[in-house]
Amino acid sequence: MAYTKLLVCDGCGQMASAEHIARRLQRLEWTTRYRPVHINTLFLGAFSPQNEKDFLYAPGGEFQGEAALLLEAVGISTTGKAAEAVHTEFQRAGFFLAHVLECPLEDVNGLPSEAQRALKARLPAMATRIRRSLKPKRVMAVTEALAPVVEDVLMLDLGSPLLLDNGKPFRLGNFAEAAGIEKFREVLAGAPGD
Ligand SMILES: [Zn+2]
């Protein structure tokens with residue numbers, strides 16, 4: 001029997017199946033384990049990746065896609081390390097990764113305007129979570145997918161500064177030349193200003 005009852009997921013605001021909710025809870029469990037007590041830098045992405053191998057906190061340790069790009073950008077090598085060691089190193093640096101939508105987009109073939117609408121709808125909840133719960137010293141916007149809503153993010157009260165690359169999110173996969181990654185690391189190394 002097909003399970004047709006849909007609920008609104010509290011992690012992303014999309015209509016969700018039981019499997020969607022189960023996957024969300026699984027990601028939440030993996031992520032919570034490596035949340036620093038005091039978050040120095042919160043990396044803010046747009047959507048949780050479709051592929052679990054791209055999800056930073058997945059225990060498989062494959063670190064592909066977004067996970068690989070972020071680890072490379074912050075200078076954490078994964079070579080010869082267990083996933084747990086990589087996660088611990090990321091945590092000890094005071095880093096935490098969160099997405100505006102804590103789940104992948106359900107409609108992968110949807111229009112970009114739909115994705116943007118889904119992001120915008122989640123921004124107030126995300127801002128509240130950052131301000132009241134995560135309380136990072138600073139927020140670094142990453143991934144190109146966040147670009148269409150950057151102006152909206154700037155209007156929100158995050159309770160901490162939002163770091164951008166010339167008014168845009170840092171594009172992890174697009175450090176065209178060495179200068180790109182150098183700039184990212186320079187901003188990352190900057191004083192959090194507390
Ligand atoms: Zn969800």
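The secondary structure of the chain comprises 6 helices and 6 strands. The model is predicted, and the description below follows from its coordinates. Read from the N terminus, the elements are arranged β-β-α-β-α-α-β-α-β-α-β-α.

**Overall dimensions**

The radius of gyration of the chain is 16 Å, which agrees with the value near 16 Å that a compact globule of 194 residues would have. Along the principal axes, the C-alpha atoms occupy a box of roughly 55 × 40 × 35 Å. The accessible surface amounts to about 10,500 Å², and carbon and sulfur atoms contribute 52% of that surface. Of the 194 residues in the chain, 42% are buried. Among contacts with a separation of 6 or more, 69% are between residues 24 or more positions apart.

**The sheet**

An open sheet is built from 4 strands in the order S4-S3-S5-S6, with parallel pairing. Its edges are formed by strand S4 (95–101) and strand S6 (162–163), each of which pairs on one side only. Strand S3 has partners in both S4 and S5. The table sets out these two pairings.

| Strand pair | Direction | Bridges | Example of facing residues |
|---|---|---|---|
| S3 and S4 | parallel | 6 bridges | Phe43 and Leu97 |
| S3 (41–47) and S5 (138–141) | parallel | 4 bridges | Leu42 and Val139 |

In a regular strand, side chains alternate between the two faces of the sheet.

Although strand S4 is an edge strand, 7 of its 7 residues are buried, so S4 is largely enclosed by the rest of the structure. Helix H2 (residues 65–74) lies across S3 and S4, and runs at about 140° to S4.

**Cysteines**

How many disulfides does a search of the whole structure find? The search finds 0 disulfides. A disulfide is a covalent bond between the sulfur atoms of two cysteines. The criterion applied here is a pair of cysteine sulfur atoms within 2.5 Å.

Are Cys12 and Cys103 buried or exposed? A residue is counted as buried when its relative accessible area is under 20%. Cys12 has a relative accessibility of 2% and therefore counts as buried. Cys103 is also buried, because its relative accessible area is 0%.

Definitions and conventions: Residues numbered from 1 in each chain as written. Predicted model: local features only at pLDDT ≥ 70, side-chain atom pairs only at ≥ 80, totals over all residues. Heavy atoms only, no water. Buried < 20%, exposed > 50% of the residue type's maximum accessible area, 1.4 Å probe, protein only. Pairing = 2+ DSSP bridges. Helix = DSSP H or I, 4+ residues; strand = E, 2+ residues; numbered from the N terminus. Contact = heavy atoms within 4.5 Å. Axes fitted to C-alpha atoms, helices over the stretch in contact; angles between N-to-C directions. Rg over C-alpha atoms; globule rule 2.2 N^0.38 Å. Areas by Shrake-Rupley, 256 points an atom, 1.4 Å probe, with all protein chains shown as cover.
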